[in-house]
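Open the model in your viewer and keep the selection tool ready. This tour moves from strands to pockets.

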Amino acid sequence: MFQPPRCPYRECPRFARPVPGFYQRAGFYRAKCRPHPIPRFVCKTCERTFSRQTFRMDRGDHRPDLNAQLFRLLASGIGLRQSARMLGLSRRCTELKARKIGEHLCQLDLNLCGLLPEGCELALDELETYEGRRNTRPVTVPLLLETESHYVVWAESATIRPNGKMSEARLAAIAQDEARYGPRRNLSRWAILRTLRRGAALTRHLEHVRLVTDEKTIYPALASEVFGAGRLEHRTVNSQVARMTWNPLFPINHTEAVMRDLMGRLRRESWLVSKDRRYLDLALHVFIAYRNWIRYRFNGEDFSAGQMLGFVTRRLTFGEALSWRQDAGERSIHPLSRKAESVADWKAAHQVRS
Ligand SMILES: [Zn+2]
């Protein structure tokens, strides 16, 4: 029988400090999409009602049964329109579902991850793509990876200025874009800093942090700003070195290749594009959650990256990843918990890294 771990309303004192018996049962209701009756509760402190469904990621959804299927399609390189056709949903509905899934998976990743183990190594690289228009609106995506487990620590997009060959038509297109949106700014520095800071948060307990990057000139200064020059062991690799498995950048190059394959919008010569990089960021979180918690690390293995680092005890299924809401930080219910324990309680009970 489901027991609510806390009051779901943030303003209520029982949100942060639930006490045993803070709620009273208040019957059941039946939902068309669920075979079992759903229990209702009333909070004795704020006197508001809620149900088991209030804690679920699919609360208020019209077709909750399609969420996991959509996640599976989006993590397999299928575009939004084709997913909509396959699921029999409208395009708009698919779009909204995909956004909700992306936001949720970002929170899930932040909640489940923990401190990285001693001896880990981080790799940073950027991949280039675009929003809306290929020749005028390029975007860079810094990506931070733990190289042994292939755990993706963070990735996000930032606008950069158009570069490379300039034909007359391209210059005209750029001028047209600048008239409409203003000059395109280069914000890559801030995205790289934010990405490195996610790595710094997960390595804050380590005496030395190992980082490997290519020879781009701004990386050393940004990395020592974030990690502290005394702690940082920064290795750079010339991009001319053959991209074989012994190349120290192999894990991150490999992850980028998988990313380009599994996110249709990053494929070369693809019809799929990100209209706005905000949605690219949400798609990145879909990919990251799939890579970190659901897929096994390599073919032939049966553990995920997050499992290898000791953050969870087994791989998650698509349905589990989209089960409990994750918007209350460590107070959210852990997706692997059987008795609706919070993320913090579940981690303590199973002695995983947090
Ligand atoms: Zn309450």
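**Stop one: a strand and its partners**

Select E5 and strand E7 (residues 158–159): the two pair in the antiparallel sense over two bridges. Strands here are DSSP runs (E, at least two residues) and helices are DSSP runs too (H or I, at least four), numbered from the N terminus. Two strands count as paired if DSSP finds at least two bridges between them. Find Thr140, which stands opposite Ala158 in E7.

A word on the model. It is predicted, with local features needing pLDDT of at least 70 and side-chain atom pairs counting only at pLDDT 80 or more, while totals for chains, interfaces and linings use all residues. Residues are numbered from 1 along each chain as its sequence is written, and side-chain values use heavy atoms, with hydrogens and water left out.

E4 and E5 pair antiparallel over nine bridges. Thr140 in E5 is also the bridge partner of Glu128.

E6 runs antiparallel to E5, joined by four bridges. Leu143 has Ala155 in E6 as its bridge partner. E5 and E6 form a hairpin with four residues between them. Click His150 in the turn: its phi is positive, about 60 degrees.

**Stop two: both faces of E5**

Is E5 buried or exposed? Nine of the nine residues of E5 (residues 138–146) are buried, so the strand is largely enclosed by the rest of the structure. Buried means under 20% relative accessible area (1.4 Å probe, protein chains only). In a regular strand, side chains alternate between the two faces of the sheet. Show side chains: Pro138, Thr140, Pro142, Leu144 and Glu146 point one way, and Val139, Val141, Leu143 and Leu145 the other.

A pocket is an open set of points on a 1 Å grid over the protein atoms alone, where a 1.4 Å probe fits, with protein on both sides within 12 Å along at least five of seven lines; lining residues have an atom within 4 Å of a point.

Select Gly79, Leu80, Arg81, Arg265 and Val273. They lie nearest the centre of the largest pocket, which is lined by 27 residues. Helix H9 (277–294) is one of the suppliers of that lining, and gives the largest share, five residues.

Move on to Leu127, Glu128, Thr129, Arg260 and Arg268, nearest the centre of the second largest pocket, with 28 lining residues. Which strand gives the most to this lining? E4 does, with six residues.

Note on methods
Buried < 20%, exposed > 50% of the residue type's maximum accessible area, 1.4 Å probe, protein only.
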